[in-house]
Amino acid sequence: MKVYIRSTGNISPQHSLDMDLFFSSGVTTTENFFKCVEPAYDAFVDSKMIRRMSRIVRMGVAAAMTCLRNALTENPGAILTATAYGCLEDTSFFLRRMVEFEETLLSPTAFIQSTHNTVGAQIALLLKCHHYNNTIVHRAFSFENALTESRLLLQDGIGPVLVGAIDEITDDRHAILSRFGLYRKPNHSSGNIAGEGASFFLMDSQPGGNPLAVWRDLQTLYKPENPESVQPEILNFVKRNGLTMDDIDLVLTSHTGNARLDEHDDQLLETIFHGKPHFPFKSLCGDYPTASGFALWLAAVLLKEQKKPSWISGILFPVRHILIHHHSEQIHHSFILISAV
Amino acid sequence: MNSQSFVAGMGIVSAIGNDLQSNYQSLCDEKAGIGEMVWLQSAHKNDLPVGEVKRSNEQLAAATGLSSRLPRTALLSCIAARDALLDAGWEKSGPLRTGFISANTVGGMDKTENFFKLFSKDKSAGKLADVVHHECGSITELVADWLGIRHFVSTVSTACSSSANAIFTGARMIRSGLLDFALVGGCDALTRFTLNGFNTLMILDKELCKPFDENRRGLNLGEGAAYLLLASEKGLQQLGRKSYARIAGYANANDAFHQTASSPEGTGSFLAMKGALEKAGYGPADIDYINLHGTGTQNNDIAEGTAIRLLFDPAFPKMSSTKSYTGHTLGASGAVEAVYSVLAIQNGTIFPNLRFTTAMKELPFQPVTTCLKNQRVRNVLSNSFGFGGNCSSLIFSAA
């Protein structure tokens with residue numbers, strides 16, 4: 001079954017809510033984290049409600065509303081949200097008070113907004129949408145598994161499906177993950193940077209008025225036995241869609257800027273992706289487990305617009321088929337194939 | 001393609017038993033597992049009863065060969081998941097594909113709480129080993145790796161309906177042919193985070209809970225893990241065994257009313273139950289037993305009860321909330337109650353709603369109060385409703 005990406009709504013470290021601005025100017029950072037360019041939220045939600053929402057909920061809701069507006073759809077047949085870390089700001093807030101005040105003097109607000117399905121629930125509440133609502137929270141497969149579920153729902157006649165990936169940087173997350181040695185040190189030009197974003201898509205078995213692209217296929221690969229075994233999996237994946245590597249016009253890779261993490265990405269560029277136009281999508285959105293949501297958005301926009309942002313290089317047009325290779329530390333690999341309509 | 005999902009094996013650990021057989025025995029013997037906190041270290045030790053699994057982390061670790069320093073949720077999950085595979089006689093996938101779809105609500109929070117004691121004062125303090133399994137997905141992967149399941153791994157988290165959603169995610173994947181075996185269910189250990197969270201909402205009963213009673217005062221939290229091995233027709237053939245039951249219907253709907261409270265008319269609950277009946281092709285009269293969500297809070301029980309009245313009036317099936325035995329096990333509850341629903345079918349037994357004395361004045365029905373054996377139990381409806389208006393209903397039928 002063909003699955004159309006009818007519309008998107010994206011909040012990222014780039015100007016992804018404003019197409020003209022996105023194509024004309026990029027955002028860079030000298031920090032080791034890359035935070036989102038956030039809109040004025042009262043354009044999306046009643047200002048009284050915004051005040052009660054944490055930052056991740058605001059970003060998620062605004063991206064979702066943009067997506068639905070772009071498709072002129074008011075009530076999707078299902079809402080799927082994907083998040084690796086969940087609502088960290090409220091989780092940290094409640095935890096900190098709980099340990100500091102030794103389980104006294106707590107208020108429920110942060111607790112009730114800390115559950116992983118808060119973004120999906122708030123979207124449903126705003127839309128008064130009684131339809132199917134699910135939340136997937138599986139590390140760097142969160143978004144991928146939500147995409148798979150969106151296809152299954154469409155096959156079951158439930159749709160269109162609003163599916164989105166949301167993760168936020170908080171001070172605590174950054175402090176903890178930095179201690180794991182994940183991000184580049186101050187004054188270092190190479191090494192990976194933390195990222196965040198909210199990427200929503202309206203998936204449908206019908207093209208609707210003006211679809212961006214066709215999402216063809218997805219495969220996840222959990223803990224491959226060795227890095228070399230990834231290559232044949234990618235080739236099989238392309239083949240099962242009736243294509244060869246020659247048909248792939250662009251590969252979006254998971255390069256992070258960290259030489260250790262990127263070693264196997266480099267190997268792929270020298271072997272099965274040799275000579276292919278390629279672009280490291282995390283250079284635009286930072287590194288986080290649901291960054292594949294941003295990659296899918298970028299791919300859909302490139303296929304639709306058939307032009308590249310003036311400020312990036314390495315992409316040749318026209319593009320018909322884009323392969324996204326998302327991976328996180330050789331534990332989670334995914335391949336996503338997306339084509340022009 | 002379009003295969004049904006059969007329940008080929010089950011595993012469970014809860015406050016009323018460390019395995020499937022002891023859970024069934026406690027249900028029949030009307031023995032609740034809720035009482036004073038033993039393992040959880042909390043300031044509320046003496047005022048809030050809980051449904052703890054009657055094993056220390058060290059005992060759970062010894063039963064699995066894993067480290068006792070792992071999150072308690074992962075240890076509980078390992079035991080129940082392994083037992084479900086053993087029960088089904090599943091040894092390996094062979095040429096077939098196996099997935100593990102597990103639910104939980106707070107991942108390795110029990111360890112993160114320890115980390116935060118030091119970290120909240122000094123961001124360079126706290127042992128990193130205590131946060132490495134904070135993510136919900138990390139719990140699932142600890143278990144998947146231990147069991148050797150790699151074809152598909154996923155984690156669902158929709159508060160108290162999480163594991164019901166994990167169960168039908170597996171059923172949907174089997175139906176589409178993506179998997180032949182889906183080990184589905186959920187787990188959650190008690191944590192101070194959730195205990196204090198529910199306590200701030202003022203919905204915890206300081207005594208043992210009384211679901212669907214006019215004088216109910218709130219819920220008791222519990223912990224546990226439960227899994228079902230779902231198999232396609234092909235998978236069942238490979239196992240060479242009969243199934244306990246099959247999944248006949250499922251639906252999820254959203255109440256879209258409030259982040260935590262249910263709408264007074266139980267819109268989400270009604271739509272979930274109605275959707276599950278439609279998917280199964282059943283009418284209300286086909287349901288022999290409802291395993292209620294039945295938390296014991298004022299709000300849940302009136303919303304759920306109102307939805308049941310609307311859907312089933314005037315002929316009500318037998319029903320009960322087994323949370324009166326186990327407490328509310330959050331991310332595990334949908335799976336714990338799915339296992340009890342299948343046990344009801346398998347044994348022709350309907351489990352009672354403990355401590356019930358007074359019918360709710362708004363409702364024309366009341367739950368079962370004694371264990372009923374030799375019943376005709378063909379189709380069971382199991383409800384799970386969560387924060388964010390997330391309402392799920394599953395229907396299990398005799399195979």
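Which residues does Leu228(B) touch, not counting residues up to four places away in sequence? I started my entries there, working from a predicted model.

**Core**

I listed the contacts of Leu228(B): Val7(B), Met10(B), Ala84(B), Ile167(B), Val184(B), Gly185(B), Ala338(B) and Val339(B). I then looked up the largest nonpolar core, which has 236 residues. Leu228(B) is among the members that touch the most other members, together with Ala299(A), Ala80(B), Leu183(B), Leu229(B), Leu230(B) and Val339(B).

**Domains of chain B**

I took the division of chain B next: domain 1 covers 5-239 and domain 2 covers 246-398. Their centres, over C-alpha atoms, are separated by 20 Å. I found 61 residues of domain 1 of chain B and 57 residues of domain 2 of chain B in the contact. On the side of domain 1 of chain B that touches domain 2 of chain B, two or more residues each come from strand 1 (5-13), helix 1 (20-29), helix 6, strand 4 (181-188) and strand 5 (224-231) of chain B. Helix 6 of chain B gives the largest share of that side, seven residues. I sorted this side of domain 1 of chain B by class and got 32 nonpolar, 21 polar and eight charged residues.

**Helix 6 against helix 12, chain B**

At what angle do the axes of helix 6 of chain B and helix 12 of chain B cross? I noted roughly 65°, with the axes coming within 5 Å. Helix 12 of chain B spans residues 333-347. From helix 6 of chain B, Ser162(B), Ser163(B), Ala164(B) and Ile167(B) take part, and they meet Ser333(B), Gly334(B), Ala335(B) and Ala338(B) of helix 12 of chain B. By class this contact between helix 6 and helix 12 of chain B holds four nonpolar, four polar and no charged residues.

**Domains of chain A**

I turned to chain A, which is divided into domain 1 (3-204) and domain 2 (213-339). The C-alpha centres of these domains of chain A lie 22 Å apart. Their contact takes 42 residues from domain 1 of chain A and 32 residues from domain 2 of chain A. I checked which elements supply at least two residues each on the domain 1 side: strand 1 (3-11), helix 1 (19-24), helix 7 (142-155), strand 4 (161-167) and strand 5 (197-204) of chain A. The class count for that side of domain 1 of chain A is 19 nonpolar, 18 polar and five charged residues.

**Helix 12 of chain A**

Is helix 12 of chain A largely enclosed or open? I found 12 of its 14 residues buried, so helix 12 of chain A is largely enclosed by the rest of the structure. The buried residues include Phe294(A), Trp297(A), Leu298(A) and Ala299(A). Ala299(A) is also one of the core members that touch the most others. Helix 12 of chain A (residues 292-305) reaches 20 Å from its first C-alpha to its last, close to the 20 Å expected at 1.5 Å a residue. Gln306(A) follows helix 12 of chain A and has a positive phi, near 50°.

**Contact between the chains**

I counted 49 residues from chain B and 47 residues from chain A in the contact. The elements of chain B that give two or more residues to its side include helix 4 (109-119), helix 5 (136-147), helix 6 (162-175) and helix 9 (267-280). The largest share of the chain B side, five residues, comes from helix 7 of chain B. That side divides into 15 nonpolar, 27 polar and seven charged residues.

**Backbone exceptions**

Most residues other than glycine have a negative phi, and most peptide bonds are trans. I recorded the departures.

- Phe317(A) to Pro318(A) is a cis peptide bond, omega near 5°, and Pro318(A) sits in the loop between helix 12 and strand 9 (321-328) of chain A.
- Asp313(B) to Pro314(B) is a cis peptide bond, omega near 10°, and Pro314(B) sits in the loop between helix 10 (298-312) and strand 8 (318-320) of chain B.
- Lys128(A) has a positive phi, near 55°, and is exposed, with 11 other C-beta atoms within 10 Å.
- Asn374(B) has a positive phi, near 55°, and counts as exposed with 8 C-beta neighbours inside 10 Å.

Note on methods
Residues numbered from 1 in each chain as written. Chains lettered and ligands numbered in written order. Predicted model: local features only at pLDDT ≥ 70, side-chain atom pairs only at ≥ 80, totals over all residues. Contact = placed C-beta atoms within 7 Å. Helix = DSSP H or I, 4+ residues; strand = E, 2+ residues; numbered from the N terminus. Nonpolar A, V, L, I, M, F, W, Y, C, P; charged D, E, K, R; others polar. Domains from an automatic or database assignment. Core = buried A, V, L, I, M, F, W, Y, C linked by C-beta atoms within 7 Å. Buried ≥ 20, exposed ≤ 12 C-beta atoms within 10 Å, placed from the backbone. Expected span 1.5 Å × (residues − 1). Axes fitted to C-alpha atoms, helices over the stretch in contact; angles between N-to-C directions.
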